[in-house]
Amino acid sequence: MPLAVYVLGLGIFALVTSELQVAGMMPEMARGLEVSVPDIGYLISLYALAMAVGGPILTAALLKLPKRTALMVLFRGVRRG
């Protein structure tokens with residue numbers, strides 16, 4: 001397989017892993033912020049809501065770009081964020 005496929009796979013793995021990181025860190029975050037674990041759970045719900053609303057909007061916004069350009073925009077945005 002071309003090197004680009006491996007790089008893309010690694011990038012997707014990193015993005016998904018970072019998205020799920022909050023769930024694994026909930027007890028530590030609750031202790032550090034001095035709130036309950038269910039209160040930290042709202043972070044996961046808020047993130048899911050943002051993805052449900054923002055995902056389709058972002059998809060529609062990137063439809064007119066070439067696929068390679070859209071992918072680079074997404075990866076560049078993640079790196080800066």
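At what angle do helix α2 and α3 pack, and how far apart are their axes? I get about 115°, with the axes 9 Å apart. Axes here are lines fitted to C-alpha atoms, for helices over the stretch in contact, and angles run from 0 to 180 degrees between N-to-C directions. Helix α2 covers residues 26–33.

Before going on, I note that this is a predicted model, where local features need pLDDT of at least 70 and side-chain atom pairs count only at pLDDT 80 or more, while totals for chains, interfaces and linings use all residues. Residues are numbered from 1 along each chain as its sequence is written, and side-chain values use heavy atoms, with hydrogens and water left out. My helices are DSSP runs (H or I, at least four residues), numbered from the N terminus.

From α2 I list Met 26, Pro 27, Met 29, Ala 30 and Leu 33, and from α3 Val 37, Ile 40, Gly 41, Leu 43 and Ile 44. I sorted these by class, with Ala, Val, Leu, Ile, Met, Phe, Trp, Tyr, Cys and Pro as nonpolar, Asp, Glu, Lys and Arg as charged, and the others, Gly among them, as polar. That contact has nine nonpolar residues, one polar and no charged.

Next I checked α1 against α2, which pack at about 65° with axes 5 Å apart. Here Val 22, Ala 23 and Gly 24 of α1 meet Met 26, Pro 27, Glu 28 and Met 29 of α2. I count them by class as five nonpolar, one polar and one charged.

**Charged pairs**

How many salt bridges does a search of the whole structure find? I find one, taking a side-chain nitrogen of Lys or Arg within 4 Å of a carboxyl oxygen of Asp or Glu. Arg 31 pairs with Glu 28, and their closest N and O atoms are 4.0 Å apart. The two are three residues apart in helix α2, so about one helical turn separates them.

**Pockets**

My pockets come from a 1 Å grid over the protein atoms alone: open sets of points where a 1.4 Å probe fits, with protein on both sides within 12 Å along at least five of seven lines, and lining residues having an atom within 4 Å of a point. Volume is the space filled by probe spheres set on the points, which are joined across faces, edges and corners.

The largest pocket comes to about 390 Å³. Of its 15 lining residues, Leu 15, Ser 18, Glu 19, Tyr 47 and Met 51 are closest to the centre. α1 gives the most to this lining, with six residues. By class I have 13 nonpolar, one polar and one charged.

The second largest pocket holds about 250 Å³. Its lining includes Val 7, Gly 11, Arg 68 and Phe 75, and α1 again gives the most, with five residues.

Key. Contact = heavy atoms within 4.5 Å.
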